[in-house]
Amino acid sequence: MTALKSTTGLTFASLGVRDEIVRALAEKGIETPFAIQELTLPLALAGEDVIGQARTGMGKTFGFGVPLLQRITSETATRPLTGAPRALIVVPTRELCLQVTGDLATAAKYLTADQEDGGQRPLSVISIYGGRAYEPQIDALHKGVDVVVGTPGRLLDLCQQGHLQLGGLSVLVLDEADEMLDLGFLPDIERILRQIPADRQSMLFSATMPDPIITLARTFMVQPTHIRAEAPHSLAVHDTTKQFVYRAHALDKVELVSRILQAEGRGATMIFTRTKRTAQKVADDLNERGFAVGAVHGDLGQIAREKALKAFRAGEVNVLVATDVAARGIDIDDITHVINYQCPEDEKMYVHRIGRTGRAGRTGIAVTLVDWDELERWAMIDKALGLGSPDPSETYSSSPHLYEELSIPAEATGNVGAPRKAPAKRREASSGTSSSGGATERAARRSKPRKRTRGGKPVTGHPAGAAVASDGAPEAGTAANSGSGPAAGNGTRRRRRRRKPAEAAAPAN
């Protein structure tokens with residue numbers, strides 16, 4: 001997690017955080033709280049309801065995670081941890097679910113719960129999300145869990161099936177609430193809230209506060225304190241991010257991006273598109289040009305998306321192409337460049353995209369490519385943010401100012417090596433479970449010749465119902481059926497074709 005650190009010299013220990021949590025965070029190099037944590041921890045540790053407003057990457061996870069862990073482990077004298085969920089964190093996406101689960105597991109490394117036999121067990125944190133089989137998640141719930149992190153749809157499914165019991169919760173957290181609203185999860189959240197006890201601590205975190213979120217907060221929170229860890233202008237971007245905007249032709253964009261990816265100092269890079277098809281095409285084209293590229297979009301199965309993110313975090317690929325929806329909640333450190341391959345929908349999406357670089361005092365580069373038919377949309381974004389570039393300069397992959405402004409070597413070309421293995425393109429290719437059978441069945445159907453008919457008879461001249469070999473001849477051992485009898489293979493009777501009078505055979509002499 002990357003965020004602005006404290007400038008007041010406070011530590012987690014000085015804020016009253018348990019020694020076990022302080023030690024676990026220190027092992028990961030986290031010793032002083034981030035700005036949002038300084039503001040939220042005193043209130044949250046005291047058990048008050050909190051609304052935190054901050055963008056992704058500001059350190060919100062530990063802002064709610066540390067007090068959550070401290071509360072459920074400090075009240076064991078009166079409410080021992082029995083394996084029934086004691087805390088629930090609701091997040092909008094699978095990727096964020098895994099990230100939050102990992103962060104909480106890190107902080108809970110040295111926390112334990114008492115067992116009935118007098119022994120102790122590690123505190124249990126699990127993730128619940130769609131796109132994966134139900135059985136492992138159900139088994140984990142039945143074995144006992146203390147903290148559940150999940151997406152609304154799968155959480156509601158398991159609640160309705162009786163596998164997830166929410167009656168014993170002490171803490172509830174809604175993370176990235178505005179994104180859950182955008183994704184249409186608000187009705188699911190309201191149904192989940194109806195199953196949670198009223199006597200609990202509630203925390204809500206969101207980058208923006210639209211009216212439906214404010215209404216939701218009023219219905220399930222008790223006198224919450226609203227903490228805003230933002231600049232006065234809520235759409236402000238990181239000061240260390242240099243922004244470049246170019247008017248680019250659609251047919252030249254891949255060539256142009258290929259040059260940008262060879263800029264001096266270029267590290268981990270995210271490329272944003274508006275559509276799934278464009279994301280896959282850009283990833284394929286760049287892989288063909290020798291770049292190490294992964295893709296994350298809705299047409300990929302969950303396993304393929306997780307694999308791409310894991311490879312990007314590990315540095316196995318240094319370019320990640322993503323759609324806006326698929327990238328929600330992805331928080332990856334040390335991104336040097338963000339490229340808007342297609343103009344974002346509005347100013348909020350623009351800020352959300354380029355806010356992934358230039359963090360924690362590091363410099364970052366944000367490049368936006370605007371096609372001719374996107375100029376009007378870009379002018380609105382530019383006006384809303386006051387960027388001063390309403391009419392981007394016309395730029396091609398050979399434009400000298402592109403090389404100069406982005407520090408691209410003069411010898412850079414559109415290829416950097418041999419084609420690399422392209423990322424998975426099909427959901428069934430990445431599932432590895434239930435869809436594999438469907439893929440096999442579809443492949444088998446494609447391997448069979450198509451039986452085209454005209455007027456009830458095969459075009460090829462083969463009798464109806466006869467199996468056809470790959471060379472077009474009927475397979476050996478298959479009885480050919482005449483047009484007058486039952487068709488072989490399905491037992492249906494064909495109507496005898498009448499001859500026209502002119503075609504009738506002449507009577508025998």
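## Two helices to start with

Let's begin with helix α5 (residues 134-143) and helix α6 (residues 152-160), which pack at an angle of about 65° with their axes 12 Å apart. Axes here are lines fitted to C-alpha atoms, for helices over the stretch in contact, and angles run from 0 to 180 degrees between N-to-C directions. α5 passes α6 in a right-handed crossing; a crossing is right-handed if the near helix is turned clockwise from the far one by less than a right angle, and left-handed if anticlockwise. On the α5 side you'll find Tyr 134, Gln 137, Ile 138 and Leu 141, and they meet Arg 154, Asp 157 and Leu 158 of α6.

## What you're looking at

This is a predicted model, where local features need pLDDT of at least 70 and side-chain atom pairs count only at pLDDT 80 or more, while totals for chains, interfaces and linings use all residues. Residues are numbered from 1 along each chain as its sequence is written, and side-chain values use heavy atoms, with hydrogens and water left out.

The chain holds 17 helices and 18 strands. Helices (H or I, at least four residues) and strands (E, at least two) are DSSP runs, numbered from the N terminus. Of the 509 residues, 48% count as buried, where buried means under 20% relative accessible area, exposed over 50%, and partly exposed in between (1.4 Å probe, protein chains only). Contact means heavy atoms within 4.5 Å. Take the contacts in the chain with a separation of 6 or more: residues 24 or more positions apart account for 74% of them.

## The nonpolar cores

A nonpolar core is a set of buried Ala, Val, Leu, Ile, Met, Phe, Trp, Tyr and Cys residues joined through side-chain atoms within 4.5 Å. The largest one here has 41 residues, and Leu 69, Ile 89 and Val 147 touch the most other members. Elements that each supply at least two residues include α1 (19-27), α2 (35-45), β2 (87-90), α4 (94-107) and β8 (201-206). The largest share, 6 residues, comes from α3.

Zoom in on Ile 89: leaving out residues up to four places away in sequence, it touches Phe 64, Leu 68, Val 100, Leu 104, Val 147, Val 148, Val 149, Gly 150 and Val 173.

## More helix pairs

α2 and α3 pack at an angle of about 20°, with axes 9 Å apart. That makes α2 roughly parallel to α3; angles under 35 degrees count as roughly parallel, over 145 as roughly antiparallel, 65 to 115 as roughly perpendicular and the rest as oblique. α2 passes α3 in a right-handed crossing. Residues of α2, including Ile 36, Leu 41 and Leu 45, meet residues of α3, including Phe 62, Val 66 and Gln 70.

Next, helix α13 (residues 347-354) and helix α14 (residues 375-385) have axes that come within 9 Å and cross at roughly 75°. So α13 is roughly perpendicular to α14. Glu 347, Tyr 350 and Val 351 of α13 make the contact with Trp 378, Ile 381, Ala 384 and Leu 385 of α14.

## A few residues worth a look

Is Phe 272 buried or exposed? Phe 272 counts as buried, at 1% relative accessibility. Its place is in strand β11 (residues 268-273). Neighbours within four places aside, Phe 272 is in contact with several residues, among them Ala 322, Val 338, Tyr 341 and Arg 353.

Most residues other than glycine have a negative phi. Gln 223 isn't a glycine, yet has a positive phi of about 40°. Gln 223 is in the loop between α9 (211-220) and β9 (225-228), and is exposed, with a relative accessible area of 74%. Ser 407 also has a positive phi, near 55°. You'll find Ser 407 in the loop between α15 (400-405) and α16 (427-431), where it counts as partly exposed at 35% relative accessibility.
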